[in-house]
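Please look over the sequence and the structure shown here before reading on. The report that follows takes up the pockets and then the strands.

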Amino acid sequence: YRLQRWDPDGKPLEIVSPPAGLPVGAITGLTFTDNYRVIAWLTVYQFAFAWDATAAQLLSPWMNHWAAVHSIAFSAADKTMFTSGLDGKVFGWDIATGETNDSITLSPARLPGQPLIQPVVYLSADCARAIWLNVSETEIFDVANGQNLFVVPSLPNASAAVQIGLSPDGTKLITSNRQAEGRPGSCIVWNLTTRQREAEFDVMSFNSAAPPAAVFSPDGSRVVIVGLRVQGGQKTIMFAGYDLKTGKKLAEVEDPTTASGTLTVTAADNEWAAAIFSSGRVTSVNYAKG
C-alpha cells in the first residue's frame, strides 16, 4: 500500500504513502514520465486514482464517496446531513445547497505497524458518534473531531461473528452473537453516554453461521432478536422478544415461509415488529405474545 524509493546502487531512500484521502488498496501501477517524475495509481471499486509519486499530488479528479453510502444521519441543530460510506469516508452536507461542508477523518486506535484501515461506521441518530465494528470489538468515535472515544469490549463468544445495532436515539449500542464453543449466544447493551454496560443476557440458539440481529423497541425497554435456524433443509426465521431490564424472553415467533434473501427488521412498538424481505414480502410479528 506504499511506495519505496531506492538509489540505483540499491540504497533505500524512503517510504512514501499515497496522498491523504485516497482509498486503501494495493498500488497497481507505476510509470516514469522522465528521470525523476513517477506517476502511481491504484484501482479500487470501479475507479482509478492517479498521483504524482514524487510530489504526492493527486492528478485524477477528486470525488466524495466512491462506494455505496452505508449510514445517514441528520443533525437538527445545524441542518446538516452526515453520510458514512463503504469507502470509509464520512462527510457533512449542507442540506440547503447539497454541498459538502465537512470531511471527517476518523482516527482508530491502532498499534504501530498495523495496516492503515479506514473504518466503515454507523452514525448515531444525533450525529454525535460513529460506531465501527472491528472484528470482535466495537470502536466509538466523536464525529465532531474524528477522535477515538473508547472501545467496547468483545462479547463472551469472541470467536463468533458479531452483529451490532443502535437505539433510535443513538445513545445505546447493542451487540449480539450466536452460541459457540459451548457458550450460549449473548446480547449486551451498552450506554454510549455513560460508557457503562446496561444489560447482558443469553439469547436463543441458532445453527446458521451468521450472527443474529438485534433491534430496540422505540422506547428502548425491549429488544427483538432475529436469526436463522436450518433443520432438514428447511430454513426458518426466528423472532424473539426480550425485556431489557430483566433479560427475560417474552415470546418466540417462527416464520418458515420465506427464509431467503436479505431481511430488515424494525420494532414498531413494545409488541409488534415489521420484517421486510428482499423478495418484496412484508410481514409483522408480535414478539411479546408470540
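## The largest pocket

The lining of the largest pocket has, by class, 21 nonpolar, 12 polar and 1 charged residues, where Ala, Val, Leu, Ile, Met, Phe, Trp, Tyr, Cys and Pro count as nonpolar, Asp, Glu, Lys and Arg as charged, and the others, Gly among them, as polar. The model is predicted, so local features need pLDDT of at least 70 and side-chain atom pairs count only at pLDDT 80 or more, while totals for chains, interfaces and linings use all residues. Residues are numbered from 1 along each chain as its sequence is written, and side-chain values use heavy atoms, with hydrogens and water left out.

A pocket is found on a 1 Å grid over the protein atoms alone, as an open set of points where a 1.4 Å probe fits, with protein on both sides within 12 Å along at least five of seven lines, and its lining residues have an atom within 4 Å of a point. The space in the largest pocket is about 880 Å³, a volume being the space filled by probe spheres set on the points, which are joined across faces, edges and corners. Of its 34 lining residues, Gln163, Ala213, Val215, Leu263 and Val265 lie nearest the centre. The elements giving two or more residues to this lining include strand 7, strand 15 (162-166), strand 19 and strand 23 (263-267), and strand 23 provides the largest share, 5 residues.

## The second largest pocket

About 610 Å³ of space lies in the second largest pocket, which is lined by 27 residues, with Ala20, Gly21, Leu22, Val24 and Gln118 the closest to its centre. Its lining has 17 nonpolar, 7 polar and 3 charged residues, and strand 9 and strand 10 each supply at least two residues.

## Strands and their pairing

Strands here are DSSP runs (E, at least two residues), numbered from the N terminus, and two of them pair if DSSP finds at least two bridges between them. Strand 9 (residues 90-94) is joined to strand 10 by 4 bridges, and valine 90 has isoleucine 104 as its bridge partner in strand 10.

Strand 19 (residues 213-216) and strand 20 (residues 222-231) run antiparallel and are joined by 4 bridges, with alanine 214 opposite isoleucine 225. These two strands form a hairpin with 5 residues between them, and glycine 220 in the turn has a positive phi of about 75°.
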